[in-house]
Amino acid sequence: MANAVGGAVRRYRYLIVGAWLLAAGVLNLVVPQLDTVVFAHSPRFVPADAPSAQALTEMGKRFGESTGSGIVYLVLHRDTGLTAADRAFYDAVVRAARADPARVESVMDLWSSPATAPAVRSTDGQAAYLLLRTAGDTGTTAASESVAAVRASVASVPKPDGLSVDVTGPTVSVADLLDGAHRDLLIITAITVVLIALLLMLVYRSIFAAAIPLATIGLCLAIARPVVAFAGEHGVETSIFSVAMLSAMILGAGTDYAIFALSRYHEARRAGRGQAEAYDVAYRRISPVLIASGLAVSVTCTVMSAARIGMFRTIGIPCAIGILVVVCASVTLTPALIAIAGQRGLIEPKGTGSARYWRGLASVVVRRPARMLAVSLVPVLALIAVLSTLALNYDERATQPADTSANHGFAVTAAHYPGNQLLPNYLLIRSDTDLRSPGVYAALDSIAAAVAAMPGIVAVNGLTRPFGGPIPQGTVGNQLGQVTGQLGAASTQLVAARPDVDRLVAATAALAGGATTADAAATRLADGTRRLDDGLTAMLDGAAQLDAGATRLRSGSAALAAGIDTAMAPIQAPLSALTALRDQIAANPHCDADPLCATARTALAALDGSAAGRVLADLGTLRDGAHTLADGNDQLAAAATRLHDGLVTARAGSTQLLAGQTRLTTGLGTLADGATQVNAGVAQVGSSFTRLATGLDQATAYLDGLRTDAGAALNNSFYLPAFALADPDIAATWAINLRYFVSPDGHLARIVVTDSGNALTTDGMARTEQILDTARRAAATTTLATSRIDVTGLTATYIDLRQLALRDLAVIILATSLLILLVLGVMLRSLVVPLYILVSVLLSYAAALGLSVLVWQHVLGRPLHWSVPSIAFIALVAVGADYNLLLMSRVRDELRAAPGTAAAIARALTSTGGVITTAGAVFAITMFAMLSSSINVVAQIGCTIGVGLLIDTLIVRTVMIPATAMLLGRHNWWPGRAAETAPRHAPEPAEEPTSGRAP
């Protein structure tokens with residue numbers, strides 16, 4: 001079949017070349033450019049189901065801050081201290097960010113509030129930062145677009161002179177990493193092509209021969225890129241790393257396969273075959289090996305698609321597509337170009353090369369295989385020993401230049417803030433009960449206090465300690481101090497009140513004495529009242545008799561007055577006239593001048609002086625006295641009646657008074673007894689008053705000493721009493737704390753933990769795991785014992801990433817090893833050779849990793865990026881197995897042509913040594929070109945794969961594999977026997993091995 005296909009390719013060589021050119025042109029016209037597709041479909045950096053990613057997403061959603069994992073910081077810095085103009089710039093940027101909710105989902109503006117400003121402004125006043133939660137998950141296209149939008153918003157605001165502004169954060173670091181890799185890709189590709197061209201010119205000393213591999217890789221890139229872009233448009237994950245590795249694999253494998261085909265053609269030409277015959281021989285011998293080799297590499301690359309990490313997963317299918325395109329080119333395009341150039345004599349072999357060197361090396365290996373195997377193992381095992389010091393780097397910042405905006409922002413915060421201010425750990429506490437209650441506050445503070453007590457912890461910010469330390473009003477120590485002060489004040493007041501207590505004792509003594517005296521007086525009063533009652537009874541009887549006599553006297557006097565009036569009735573008229581005359585004379589002031597008046601007065605005087613006058617006067621007096629007596633007796637009778645009635649009332653009141661007095665006497669007795677007891681009690685209080693004051697002083701001193709001696713422990717105990725929240729300032733601050741540290745539904749709380757050291761080292765990861773363990777143990781002794789506690793943040797993310805990377809590496813190693821064994825077993829029809837080829841490439845991989853550790857970690861001080869081992873493994877194992885497959889396939893062919901293990905190995909090593917070494921050097925150069933990248937991880941991947949290829953080419957394939965094959969002899973081909981397997985075609989005439997010979 002190879003003959004027929006090769007013949008068809010030679011026959012339609014121009015059509016085939018034209019078809020490749022047409023396909024390249026059409027695909028690049030109708031399919032979007034790969035860079036555009038990659039930028040539009042970049043996957044998450046960490047799988048969405050990673051615990052830290054789930055926790056971070058949940059935190060963003062529950063707090064209403066974001067729906068993804070994007071975290072961006074804006075860092076402001078001025079050496080002389082931030083100014084009002086800087087603050088105005090900050091406010092303008094905040095407004096601009098909030099105006100773009102599609103890219104900036106939330107803005108945590110803490111600087112604007114005096115209550116929260118200390119959390120984001122440095123203590124020296126020279127720096128401040130703003131936290132933005134951006135759309136998209138870190139590493140995705142949406143995240144990169146959000147970073148670009150934030151930078152555009154910042155750039156749109158005029159910046160004050162002298163102010164340093166950096167957009168930084170983990171999302172920015174990853175976005176810059178991807179952008180840097182994309183930016184460097186064109187440079188790397190150009191350098192690679194130039195180096196390959198120079199090496200090909202050095203080897204072939206013919207521009208036409210060098211042009212065939214270059215044309216092959218050029219058209220392979222031109223076709224593979226749109227094919228991968230088309231696949232990316234239809235669901236195949238791609239990334240900038242898949243583009244970089246696609247280019248590297250095509251440049252390396254495409255050049256190698258073209259070199260193998262061209263070298264086989266040269267070998268046949270050196271053997272004296274014509275151009276057409278040399279082409280047919282070369283195609284028949286090399287095409288099956290290239291197809292098998294390419295399939296092995298592509299299948300191996302496909303294994304990467306089973307990885308969980310997006311960076312690894314996106315490499316698999318694109319690289320497999322690229323290798324398949326290279327395989328297609330190696331059996332169509334490259335042979336067609338060889339046929340065209342060979343027909344015109346443009347690619348004739350020149351010189352014999354280094355056949356003598358390879359013949360000498362082959363002779364040594366086959367004569368002393370054990371010694372040579374041991375010699376080859378020494379450097380390999382020595383480099384593997386270095387691998388024990390491997391310390392992988394998980395800090396994406398270290399993979400980029402120090403002058404990037406992201407790295408500069410981190411450097412500013414490191415200089416002005418304690419610990420990893422921008423890379424904190426978030427402890428998330430979930431509970432079915434509402435976390436906004438005093439009992440839970442104490443439990444949250446216990447967790448925070450336990451974490452804060454850990455070594456290396458710089459600050460713990462949470463509900464009860466928003467600025468890294470406990471709220472003073474909420475510490476038991478603070479409240480104990482208040483109690484101590486109050487007790488001291490009470491003691492002072494007691495001492496000051498001692499005179500009052502003494503006066504109280506004296507007063508109660510006087511009260512007791514007065515009560516006793518009052519009791520005695522009341523007894524005497526009761527006796528007097530009783531005698532009064534008896535006297536009133538006697539007086540009532542006398543009053544009754546007086547009333548009766550007064551009544552009889554009134555009747556007699558009335559009768560006497562009436563009798564006198566009757567006796568004087570006849571002379572009453574004259575007497576009345578005389579009385580009127582007397583009144584008239586007395587009323588006349590001029591009586592002496594009036595003769596009539598004076599005469600009348602004289603006459604009346606004579607009458608009065610006569611006996612008759614005296615009788616008349618006595619009768620008037622008698623009459624008037626009788627009437628007066630009668631009137632007096634009436635009054636006496638009325639008074640006697642009233643006296644009797646009053647004595648009746650007094651008698652009744654006396655009875656009541658006697659009863660009340662009796663009760664008063666009894667009450668005063670009781671009062672006297674009580675007053676005596678009160679006096680005794682007050683006297684006792686007075687005597688113990690001094691002891692009470694002394695005891696309060698002792699209690700105050702004890703509590704104050706306890707607060708001083710156990711201050712740290714007491715200050716770590718949290719309790720916020722109701723009276724503290726009554727303070728408006730404390731209540732306002734507490735409301736802000738709740739908003740930032742407890743979700744609106746009250747069932748998720750977060751504690752922000754800032755530690756020292758590099759958060760993205762293995763030590764930082766171990767500390768994060770210890771933080772989670774400490775928090776869970778602390779919660780187990782509180783009311784939050786049944787709560788669920790997780791940790792998230794960038795360090796936690798890289799803990800998950802480390803576990804996923806180890807898992808992916810294990811899957812890659814296992815699956816790749818099985819596939820390599822399967823492909824080699826089928827191609828070589830042996831179970832033994834595939835085993836030691838696999839072992840050899842694993843040793844080569846480990847040695848390459850050890851050498852990279854030695855160079856990068858120990859010499860340059862830049863530990864290998866965590867992605868290097870997995871990516872390097874795929875390339876080194878696939879290509880290493882490929883080269884060894886070519887060697888052992890040639891050994892098998894030589895055995896078929898002429899049995900004899902030693903001779904077959906010698907001929908195979910001699911004929912393939914120069915070719916495979918050239919191919920290995922080309923592939924290594926392709927990888928070493930990645931050292932020109934400004935992204936450290938790209939350079940480390942290229943370096944590791946490059947040195948691995950050189951180790952495999954110069955040690956494993958040239959010494960270790962031939963020596964092992966020599967030691968195993970006929971057992972190499974178990975269960976078959978290669979020497980007894982008849983060739984499928986007549987053996988070619990014997991050829992003198994030269995450097996032009998190929999696999």
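Predicted model: local features only at pLDDT ≥ 70, side-chain atom pairs only at ≥ 80, totals over all residues.
Reader: Which helices and strands each supply at least two residues of the lining of the second largest pocket?

Author: Strands S1 (70-77), S3 (127-134), S6 (457-461) and S7 (748-755) do, and so does helix H24 (728-741). Residues are numbered from 1 along each chain as its sequence is written, and side-chain values use heavy atoms, leaving out hydrogens and water.

Reader: Which element gives the largest share of that pocket's lining?

Author: H24 does, with five residues. In total, 38 residues line the second largest pocket, and those nearest its centre are Leu-110, Ala-119, Tyr-129, Gln-421 and Asn-461.

Reader: What makes something a pocket rather than a cavity?

Author: Whether the probe can get out: on a 1 Å grid over the protein atoms alone, a cavity is a set of points where a 1.4 Å probe fits but cannot escape, while a pocket is an open set with protein on both sides within 12 Å along at least five of seven lines. Lining residues have an atom within 4 Å of a point. The second largest pocket comes to about 730 Å³, and the largest cavity to about 310 Å³. A volume is the space filled by probe spheres set on the points, with grid points joined across faces, edges and corners.

Reader: How many cavities of 30 Å³ or more does the structure hold, and which residues lie closest to the centre of the largest?

Author: There are eight. The largest is lined by 26 residues, with Ser-69, Thr-138, Pro-170, Leu-794 and Thr-797 closest to its centre. H4, S1, helix H7 (170-204) and helix H26 (794-828) each supply at least two residues of that lining.

Reader: Why is the contact between Asp-745 and Arg-62 called a salt bridge?

Author: Their closest N and O atoms are 3.3 Å apart, and the cut-off is a side-chain nitrogen of Lys or Arg within 4 Å of a carboxyl oxygen of Asp or Glu, so the pair qualifies. Asp-745 sits in the loop between H24 and S7 and Arg-62 in helix H4 (residues 51-62), so the bridge ties together parts 683 residues apart in sequence. Both also belong to a network of salt bridges with Glu-58, Arg-430, Arg-776, Arg-788 and Asp-790. The whole structure has 31 salt bridges.

Reader: Are Arg-133 and Glu-65, which meet in a salt bridge, buried or exposed?

Author: Buried: Arg-133 has a relative accessible area of 3% and Glu-65 one of 9%. The cut-offs are under 20% for buried, over 50% for exposed, and partly exposed in between (1.4 Å probe, protein chains only). Their N to O distance is 3.8 Å. Asp-745, at 35%, is partly exposed, and so is Arg-62, at 26%.

Reader: How do you know that the length of H2 agrees with what a helix should span?

Author: H2 (residues 13-30) has 18 residues, and at 1.5 Å a residue they should span 26 Å; the end C-alpha atoms are 26 Å apart, so the two agree. The expected span is 1.5 Å times one less than the number of residues. H24, with 14 residues, reaches 20 Å, close to the 20 Å expected.

Reader: Why do the buried residues of H2 count as lining one face?

Author: They are Arg-13, Ile-16, Val-17, Trp-20 and Ala-24. Seen down the axis of H2, they fall within an arc of 105°, so they line one face. The arc is that of the directions from the helix axis to the C-beta atoms. The face turned away carries the exposed residues Leu-15, Leu-22, Leu-29 and Val-30.

Reader: Which residues of H24 are buried?

Author: Ile-730, Trp-734, Ile-736, Asn-737, Tyr-740 and Phe-741. They cover an arc of only 160° around the axis, which puts them on the same side of H24. Pro-728 and Arg-739 are exposed on the other side.

Notes. Helix = DSSP H or I, 4+ residues; strand = E, 2+ residues; numbered from the N terminus.
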